[in-house]
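Welcome! Let's walk through this structure together, one part at a time.

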Amino acid sequence: MTDAGKEHAEQGAEPMTGDGVTPGIVRIGDTVRRPVRPFTATIQAYLAHLHQAGFTAAPVPLGIDEQGREVLSFVPGDVPREPLPDETANEDVLVALARLIHRLHNVAQGWVPPLDATWGGIPGSKTVPIGPVDGEPELVSHRDYCPGNVVFRDGVPAALIDFDLARPTTRLYDIANALYWWVPLLDPRDRAPAFTDLDAPHRVAVFADAYGMTAQQREELVPLAARMVHRFHLTARAAADVDPVFRRFWEQGVRDRMPRAEAWLAQAGPAIAARLTATAPYKHT
Ligand SMILES: Nc1ncnc2c1ncn2[C@@H]1O[C@H](COP(=O)(O)OP(=O)(O)OP(=O)(O)O)[C@@H](O)[C@H]1O
Ligand SMILES: [Mg+2]
C-alpha cells in the first residue's frame with residue numbers, strides 16, 4: 001500500500017481477501033464488514049433464523065454499519081485456501097463437514113423466506129442455456145462449500161461462512177456441492193497433492209454415512225452430481241465472459257479442469273454409485 005493509501009485506510013480495519021470474488025471485505029475487531037448486495041437482507045434473515053434455531057456455526061447477522069456495509073460476527077478459526085492443505089485430506093474432515101451440514105439442514109428445514117426474498121448467483125449465470133439442477137426446493141441452504149467458506153477448528157470443519165449463494169435447494173444438491181469440493185469430484189490431476197490417490201467412492205461413502213443419507217439420496221447422488229458439474233462448467237464459462245475475476249479463474253485453469261471433471265465423473269460415477277447403494281455400506285469407525 002502507498003503512504004497515501006495508508007492515510008486513507010480505515011483505522012483498525014484489516015482487509016480480508018478470499019479468492020477475490022467479493023471486494024472490500026474487512027475485519028474490524030470481532031466483526032466482518034462486507035458490501036451490501038441485493039440479497040443481503042434475505043441472507044441476514046436466514047442467518048438470524050439459523051441462530052434462533054440453535055445453529056451457531058455461522059456468522060451472526062449484525063445489520064448495516066454507518067458506511068452502509070453489512071456487519072457479521074467474525075467466526076474464529078482457520079479458513080483453508082486452494083490447493084487444499086495435506087491435513088485436510090483426513091477422513092475426519094469429511095465426517096465433521098457431513099455432520100455440520102446435516103445440522104444446518106435440520107435447522108433450515110421449515111424456514112420460510114420473506115415474500116420479497118432475493119437470492120445471489122454467479123455473474124452471467126442467467127445466460128446459461130440449462131436451468132438450475134437443484135431440483136424441487138426442500139429448504140434454503142448454503143450451496144457453496146468451497147475451501148474459503150469453511151472455518152476449521154482443531155483440524156476439522158467447525159463453521160460455515162459466506163452464504164452469498166444460499167437459496168432454496170435440496171439436501172441432495174447441497175451434499176453434492178460439498179462432495180465436489182471435499183472428495184473432491186475432480187480428475188486426480190486437478191486435485192491437491194494429498195488428495196490425488198484417495199479412493200473417491202470410499203470418501204463419498206464416508207460422507208454419506210456421517211450425514212445419514214437415505215437410500216433415495218444414495219440412488220440419486222451420482223446423476224445429480226453429473227448434472228451439477230456440467231452446469232458448473234457452463235456457468236464458469238458464462239461468468240468468464242462477463243466478469244474479470246471469473247475470467248481470471250477460467251484462464252488460470254477452470255477452462256481445463258471442468259471438462260476433465262465431467263469426464264472423470266462419467267467414468268468414476270458407476271463405482272461411486274455402487275459403493276453408495278451397497279447393501280452393507282461402509283461404516284466409519
Ligand atoms: N464472518 C467471517 N468470519 C471469519 N472470517 C471471515 C468471515 N467472512 C469472511 N471471512 C474471511 O474472508 C474471506 C473472504 O470472505 P468471503 O468468503 O465472504 O468472500 P469471497 O470473496 O466469497 O471469498 P472466497 O472466494 O474465498 O469464498 C473468507 O474466506 C474468510 O477467510
Ligand atoms: Mg467465500
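**The sheet and its helices**

Five strands make up an open sheet, ordered β1-β2-β3-β5-β4 and paired in an antiparallel way. (Strands are DSSP runs of E with at least two residues, helices are runs of H or I with at least four, and both are numbered from the N terminus; two strands pair if DSSP finds at least two bridges between them.) At the edges stand β1 (13–15) and β4 (61–64), each with a single partner strand, so one side of each has no neighbour in the sheet.

This is a predicted model: local features need pLDDT of at least 70 and side-chain atom pairs count only at pLDDT 80 or more, while totals for chains, interfaces and linings use all residues. Residues are numbered from 1 along each chain as its sequence is written, chains are lettered from A and ligands numbered from 1 in the order written, and side-chain values use heavy atoms, leaving out hydrogens and water.

Inside the sheet, β2 (residues 26–28) and β3 (residues 31–35) run antiparallel and are joined by three bridges. Look for R27, which stands opposite V32 in β3.

Now turn to helix α3 (residues 91–108) and helix α5 (residues 200–211), whose axes come within 8 Å and cross at roughly 40°. (Axes are lines fitted to C-alpha atoms, for helices over the stretch in contact, and angles run from 0 to 180 degrees between N-to-C directions.) The two helices, α3 and α5, are therefore oblique to each other (not under 35 degrees, over 145 or 65 to 115).
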